Every structure is written in structure tokens, then in C-alpha cells.
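Subject: Structure for you to look at

Hello,

Here is the structure I said I would pass on. Please open it alongside the notes below.

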Amino acid sequence: MLKNYFKIAIAVLKRRKFFTFISLFGISFTLTVITVAVAFLNKFINEDYPDYKRERSLYVGTMELRNSKEGWLNRSDVSFYFLDHYVSKLQRVEKMAISSGAQASNAFINNKKIVIEYKYTNADYWNVLEYEFLEGKPYGVQDIENANMVAVISEETRDDYFGPNVKAVGKYISADNINYRVIGVVKNVSKTLYNFAGDMYIPYTVSRQKWNEVGLLGNCTAVLLARTPDDVPQLKRDFDQMMSKVPLPDKEFDKAFSNADTYFESVTRRITGDGENSGQNKAIGLLLALLTIFLLLPTINLVSINITRIMERSSEIGVRKAFGASSSTLVYQFIVENLILTIIGGILGLLLSSIAIYFINHADLISNMRLTLSPAVLAYSLLACMLFGLLSGVYPAWRMSRLNVVNALKAQ
Amino acid sequence: MFKHLYKLMWNKRKQNFLLLSEILVSFLVIFALFSFLVYYFQNYQKPKGLDYERVWTVSYDNRQVSKQLDSARLFYDDLERSLKAMPQIREVAYTSANFPYSQSVMNTNVSLGDKVINSVNRYVSGIDYHKVLQMNLTEGRWFYPEDAAAAIKPIVINETLKAEAFGKQSAVGRLFDNHDKTSRRRIVGVVQDVKVEGDYLPSGKAMYTPLDTTDIKWNSFILLKVTEAADANFEGKLYKYLGQRFNNERVEITYMKDLRTAKNEVTLIPMIIFMIVAGFLIINVALGLFGVLWYNINRRRSEIGLRRAIGASSTSVSGQLVSESLILATLSIIVGCFFALQFPLLHVFDVAANVYLYAILLTVLFIYLLVIACSVYPGKQAAAIHPATALHEE
């Protein structure tokens with residue numbers, strides 16, 4: 001039966017090439033936009049280099065101090081003291097990666113200026129996050145304790161500073177007029193990973209900032225690694241409980257908010273949320289609203305084209321009805337035909353999206369961001385494709401099934 | 001004539017309803033696009049209000065600078081003199097973090113009698129700030145070093161703030177209270193608006209306050225206007241020199257030109273993506289419209305043939321079909337305008353009403369052109385129908 005439908009669908013597609021072109025154009029373009037958008041979102045939501053342990057990780061990013069009477073608030077990243085003094089005491093934290101926000105500095109080499117964004121990290125940073133080392137190795141607890149002037153640099157920095165593919169381990173790199181010995185080179189990290197992207201990583205003890213100063217606001221973020229994924233919800237509760245006991249630094253504020261978030265929550269908290277609310281629902285709602293608005297036009301367009309095509313086939317439908325085909329059979333047939341059309345459009349759309357993604361990656365719009373058509377992206381796009389096909393097929397099929405046999409036959 | 005056409009369309013209301021909603025949604029998308037474009041274009045046409053070429057910004061960590069007022073003052077005065085003594089540097093000025101094209105914003109309120117003016121950008125600026133940026137004074141003067149001794153501290157405001165506070169009257173000599181009315185400031189000058197957020201966004205209300213002794217110890221940004229002789233070699237030397245002065249703390253030099261490009265990209269890139277997506281949507285709609293109209297005409301061959309047979313000219317036949325689509329478009333446009341007009345009426349965004357009006361005008365024009373373009377060819381085809389063959393088919 002399906003085979004027959006397939007044959008009919010192909011025959012119909014071949015008959016009116018212009019309409020086929022319009023439908024395919026609409027479907028494939030819509031899918032291209034959705035696929036590229038999903039690939040982009042995927043960069044923010046799904047596991048990505050170097051952060052591969054998301055299912056047992058929680059992210060501590062912002063600290064918000066509030067004066068509920070006056071409505072003031074003060075928000076920034078958390079302090080090292082807060083992480084070291086309170087968070088590290090939590091039972092269920094197996095390891096904690098601490099890093100400071102990236103600070104930009106200049107280095108001058110051969111009359112060329114290089115901008116180096118460096119981060120201070122602890123030793124466990126390299127155990128929690130799986131950076132890929134092209135050469136050398138990370139610094140360890142011993143380097144931190146001795147405050148050794150060592151640095152791990154990114155591939156990009158190495159190529160800019162020492163020349164492409166020159167071995168850098170053992171050489172010295174100068175930033176802020178201070179020389180650091182390079183002990184490792186890691187693969188570049190996409191700038192979309194706010195917490196992990198940097199050009200150079202240095203032990204935090206080297207910093208002359210008062211990193212152990214008492215206070216809650218600072219410039220650090222942390223990844224808490226639980227022992228198992230099942231521990232994560234409990235760790236989250238432990239964190240909230242600990243937070244309720246943290247003493248406030250001064251009388252100006254009466255409330256402090258900080259959260260151990262899943263990765264997605266930590267992203268939405270920065271964009272649509274605040275200390276109390278992760279903003280996850282708001283972000284999902286906004287995305288869905290945007291998607292609906294975007295899909296509205298192509299869907300209406302496809303529906304009206306489909307109706308036009310069906311009316312063209314009224315004689316065929318009339319004959320089938322006259323010989324006893326039920327309305328549901330016809331609806332089914334038409335939906336299948338429409339799905340076939342959508343799938344062809346979908347394949348074209350995927351081709352177009354891979355071209356679009358190639359150009360986006362090539363243009364390097366966001367530093368080191370490489371979009372990919374991962375299985376997750378493909379699955380989502382396929383889902384969108386099916387949804388689109390059903391949406392634009394159901395109404396015309398229903399209209400068709402209600403055609404009056406006599407009128408349909410007479411139209412010939 | 002119109003009544004008759006309307007009746008014809010009413011008979012096919014089910015089919016036309018889809019077309020109608022399609023045009024309506026396109027109207028709204030195009031309206032959103034044109035609103036942005038008109039808004040950006042209007043801002044783009046205004047002068048920049050500064051010269052960013054060969055302006056370098058230096059940011060540094062001030063941890064090593066003494067927090068004692070006098071020694072900090074001495075240190076910064078000396079640093080300014082030594083920088084200015086370099087032949088490659090023309091002007092030097094300290095600034096707060098929110099210098100033009102930076103990521104920082106610093107807002108405050110000012111009051112004028114009982115009137116409170118919200119979200120005024122406050123720029124803490126050194127004595128030569130306006131020379132570094134080559135800002136244009138339209139009224140009064142910039143700060144003098146002697147102002148430091150004045151009982152009421154001076155400020156310079158921009159034209160937008162002046163217009164909101166004083167209208168067309170002169171602003172020089174007038175007084176502003178700060179937000180809680182604890183101190184007053186005397187306006188000594190008015191400068192042309194500086195588009196700090198990039199070329200496509202408005203300057204906002206701005207006031208410039210002189211960097212006073214209490215501010216200086218927290219200062220961590222310097223603006224430099226350099227000469228053509230300032231090359232990478234000089235930049236390296238300057239970097240080293242600043243590093244020494246700040247005891248090897250973090251120092252970064254950026255070009256204001258690059259900051260401007262980055263700021264503009266933040267506005268332009270989403271706009272370009274929106275335009276590409278909207279462009280494809282419109283092509284999609286145009287093709288769909290074209291297809292449906294073409295098909296409809298083919299179905300009405302007998303009707304058209306009959307009209308031709310009883311003497312209608314080919315132009316009147318194609319005219320009828322084009323005006324049918326135009327009536328359809330008009331109906332959508334009326335509904336669309338109803339929605340679009342809510343934006344200026346309800347002041348949804350803080351944007352001048354004329355932006356929306358221009359946008360609506362452009363959208364109406366665009367939709368009519370689109371519909372005409374899509375219906376002219378099918379109309380022509382209809383006109384070419386030979387009455388004899390069309391009627392013979394029947």
C-alpha cells in the first residue's frame with residue numbers, strides 16, 4: 001500500500017514541477033534555518049569540548065546580594081573565598097574546578113601585538129575538564145602550592161606567539177611583562193563556553209590579587225563534580241542548604257543568592273533569570289514563541305499550495321470516492337504523500353544546512369566556535385521536519401476528504 | 001466595480017482566507033524589519049560626535065597605585081605629564097570605564113526642581129577628554145583646571161539631555177541637583193551627542209563630570225590620542241613603560257576603532273541574520289502567492305473566455321485579476337496596520353512615533369509591490385486566453 005502511495009506521490013511531484021519547486025523551496029529553507037539554529041543552541045546546551053561530564057556536574061556562577069527593602073542588588077561572579085571556604089566543604093563534591101573570568105592583556109612579539117585572555121585556575125580544573133593536550137601536561141597541586149610561574153596556553157596563542165606548530169613547552173611567554181614557562185598546549189575552546197574559553201591558564205596562587213580575601217563577590221566560577229549522576233539532585237539541595245547558612249558580609253544587604261545549576265540553567269540564569277529564578281522556563285517559552293512565529297508563514301504557505309494541488313486532483317479523488325474509498329483512507333494517503341514531500345525537502349534542507357554551517361564556521365563569527373551536525377541536531381531537525389509535514393498536511397487532507405463526489409467528478 | 005470584485009472574492013472566501021492570513025503575517029514580519037531598519041538608519045544619519053581614529057584606550061589594574069589621596073593625585077599628574085611629553089602622543093585623558101564603544105554603562109538620575117530625569121549616562125572625564133575625542137561644543141565651554149576650586153562643581157551635558165531638561169532655552173549656567181538632592185552641579189557647556197553605543201544606536205542622555213580627587217584613586221582607564229608616528233614599535237615601548245609605572249600589573253591597550261567595529265557588529269549581525277531569514281520568507285510567500293494566483297486563473301478560463309467573447313479588452317481582463325489581488329492585499333494591510341499602529345499608540349518601546357509611521361508606509365508600499373509583481377504575470381496569461389478555445393473546452 002505504502003509503495004503505491006509512494007509511486008503516486010512521485011508521479012504527482014513530477015506533474016507540476018513549478019509547485020513542487022515552491023513546496024521544496026519552502027520546506028528545505030525552513031529546515032535549514034531551524035537546523036542552523038538548533039546547531040547553535042546545541043553548542044550551549046549539549047556536552048562539548050572540554051566539558052564532557054555534564055550529567056554529574058553542577059555549575060556555580062553568580063552571586064547576588066540583595067537589599068529587599070530598597071530594591072538594590074549587586075551581582076557578580078563568586079569569590080574564591082566562597083568556593084574554598086563553603087562549597088569545598090560539601091560532602092558530595094568529589095572534585096571542584098575553579099577558574100577566574102578571563103582578563104585581557106597584551107603581549108608584544110616581533111612588533112606584533114597579541115591579545116591574551118588569561119584565566120587563573122586550580123589544579124583540579126584539569127581533572128574535571130578534559131582538555132586535549134597537544135603537547136606537555138597541566139600543572140598540579142605541587143605547582144599551585146609553590147606558586148610556580150607556569151602556564152598552559154591554547155593552540156591559537158602558541159601559533160600567534162611562537163609560530164605555527166612550533167614546539168612551545170619549556171619556552172617562556174611574556175604577558176603583563178611577566179615571564180611564564182609554558183608547560184602545556186591545549187586545543188582551542190569555543191568562545192560560547194564562557195567559563196572555559198581562554199588563551200592562557202595560570203595557577204591562581206601566582207596572581208597578585210588577594211585571592212583569599214574574605215567576601216562573597218569575586219570573579220570566579222566553579223564546576224562541582226558529583227560522584228555519580230544520582231548524587232546531583234542531592235548535591236543541589238545540599239548547596240541550597242549551605243547557602244541559607246552563609247553569613248552576609250555587611251548590613252547593606254539582607255539576602256544572598258547563589259545556585260548550583262545544571263549547565264542549561266546556568267546559561268539561562270545569565271540571560272533571563274536572576275538569583276532566585278533560573279529563568280529556564282522563560283527561556284524555553286521565548287524560544288518556542290520564536291519558533292512558532294517563524295514557522296507560521298511557511299506553514300500557511302505550504303497549506304495554501306497543498307490545497308491548490310489537491311483541488312487540481314479533484315477528479316482522481318472523485319473517482320476513488322465513487323469506488324468506495326473512505327475519507328480516512330484518503331486523508332491517510334494524502335498525509336503520507338505530504339510526508340514524502342517533506343522528507344525530500346528535509347534531505348535538501350540538510351544539504352543546505354551543511355553548506356550554511358560550513359560558511360558560518362569558515363567566517364569564524366564567534367571565536368573558535370565550530371558548529372556541527374551532530375546526531376542530536378539531526379534528530380531534532382528530523383522531528384521538526386515531521387512536525388512541519390503533519391502540520392501542513394492535515395488541514396488540506398481534511399478539506400479534500402470532504403469533497404463532494406458528484407462535484408469532484410463534474411469538475412473534469 | 002469594487003463592489004462587484006468584492007462579491008467575486010467573497011464567493012471564494014475559504015480559499016482567500018489563507019491568502020489573506022499569509023499576506024497579513026508577511027506584513028507583520030516586514031513591518032518589524034522596516035521598523036528596525038528605519039530606526040538604525042535615522043541614528044546612522046546623525047553625526048558621530050567624536051573622532052575615534054588613532055584613539056587608544058589603556059586599561060590597567062590600579063592595585064599598586066597608592067590609595068592615599070595625595071600620593072595618588074601626584075602619581076597620576078606625573079603619569080599624565082610623562083605621557084604627554086612623548087612625541088607620539090598628542091592628548092591624554094583619564095576616564096571612567098564607560099568611555100565610547102566600551103561595554104560599560106553608568107546611569108544616574110538628576111533633578112531639576114521637581115522634575116526628575118532618569119537614566120542619564122554619567123561619564124567621569126579628565127580635563128582633556130573632549131580634546132582626545134574631538135567632541136564638538138555647541139554651547140559654553142569644557143572644564144578648566146581652575147574649576148576644581150569652584151564651590152559648585154561644573155558639568156557638561158549633551159544635546160539630548162539639554163533638549164529634555166530645558167527645551168530650546170540656553171542651558172549654560174543652570175543648576176542640576178543630584179538624585180537625592182544632596183549636591184548641585186552647574187552646567188558650563190553643552191556638547192554634540194556622542195553615539196557611544198555605535199553608529200546605529202542613539203547617544204542617550206549624557207552628562208560629563210570632571211574627574212575629582214576622590215575619583216582618581218579608583219581610576220583604571222586612560223584615553224590617548226596618538227599621532228601618525230605611533231606604530232607597533234611605539235606601542236610595545238609604551239606598553240613596557242606603563243607596565244613599569246603600574247608595577248607590572250595587568251595593562252591592556254586597545255584601539256577605539258576596533259571597539260567601534262565590535263559594537264557595530266553587535267547591532268548589525270543579528271540584523272543581517274533577520275534580513276536573510278525575512279528575505280527567504282518573503283521569497284517563499286511570493287512564490288506561493290504566484291502559484292496560487294496562477295492556478296486560480298487557470299481554473300477560471302471559462303469565465304475569462306466568456307468576458308473576452310463579449311468584448312472585454314485584454315487589459316481590462318488582466319486589470320481585473322490584478323485589482324482582485326490588490327483588494328485582497330488591502331484587506332490584510334488594514335488589519336496589519338491596526339496591529340502595527342498599537343506600537344506608537346501604546347509606546348511599547350522607547351522609540352519615536354515617526355519610526356513606526358515610516359515603517360508602516362514602507363511596508364504598505366512593499367506589500368503592494370510584492371502583490372502586483374506576483375499577479376502581473378498570471379494576469380497577462382489570463383489576458384492571452386483566446387475566447388474561442390476557452391469556451392470550446394467547456
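Chain A of this predicted model splits into two domains: domain 1 takes in residues 2-47 together with 282-410, and domain 2 runs over 69-253. Between the C-alpha centres of domain 1 of chain A and domain 2 of chain A there are 46 Å. Where these domains touch, seven residues of domain 1 of chain A are in contact with five residues of domain 2 of chain A. The domain 1 side of that contact in chain A consists of three nonpolar, two polar and two charged residues.

There is also a record to set beside this. An unreviewed UniProt entry annotates residues 20-240 of chain A as "domain: MacB-like periplasmic core". In the model, residues 20-240 of chain A are 27% helix and 35% strand.

Next, the contact between the chains. On the chain B side 30 residues take part, and they are in contact with 28 residues of chain A. Four elements of chain B each give two or more residues to the side that touches chain A: the helices α2 (13-45), α7 (232-245) and α8 (256-299), and the strand β11 (251-255). Of these, α8(B) supplies the largest share, with ten residues. By residue type, the side of chain B that touches chain A has 15 nonpolar, nine polar and six charged residues.

Regards

Key
Residues are numbered from 1 along each chain as its sequence is written. Chains are lettered from A and ligands numbered from 1 in the order in which they are written. This is a predicted model: local features need pLDDT of at least 70, side-chain atom pairs count only at pLDDT 80 or more; totals for chains, interfaces and linings use all residues. Domain bounds come from an automatic or database domain assignment. Two residues are in contact if their C-beta atoms, placed from the backbone, lie within 7 Å. Ala, Val, Leu, Ile, Met, Phe, Trp, Tyr, Cys and Pro count as nonpolar, Asp, Glu, Lys and Arg as charged, and the others, Gly among them, as polar. UniProt positions are given in the numbering used here, feature names are shortened, and annotations may be inferred rather than shown by experiment.
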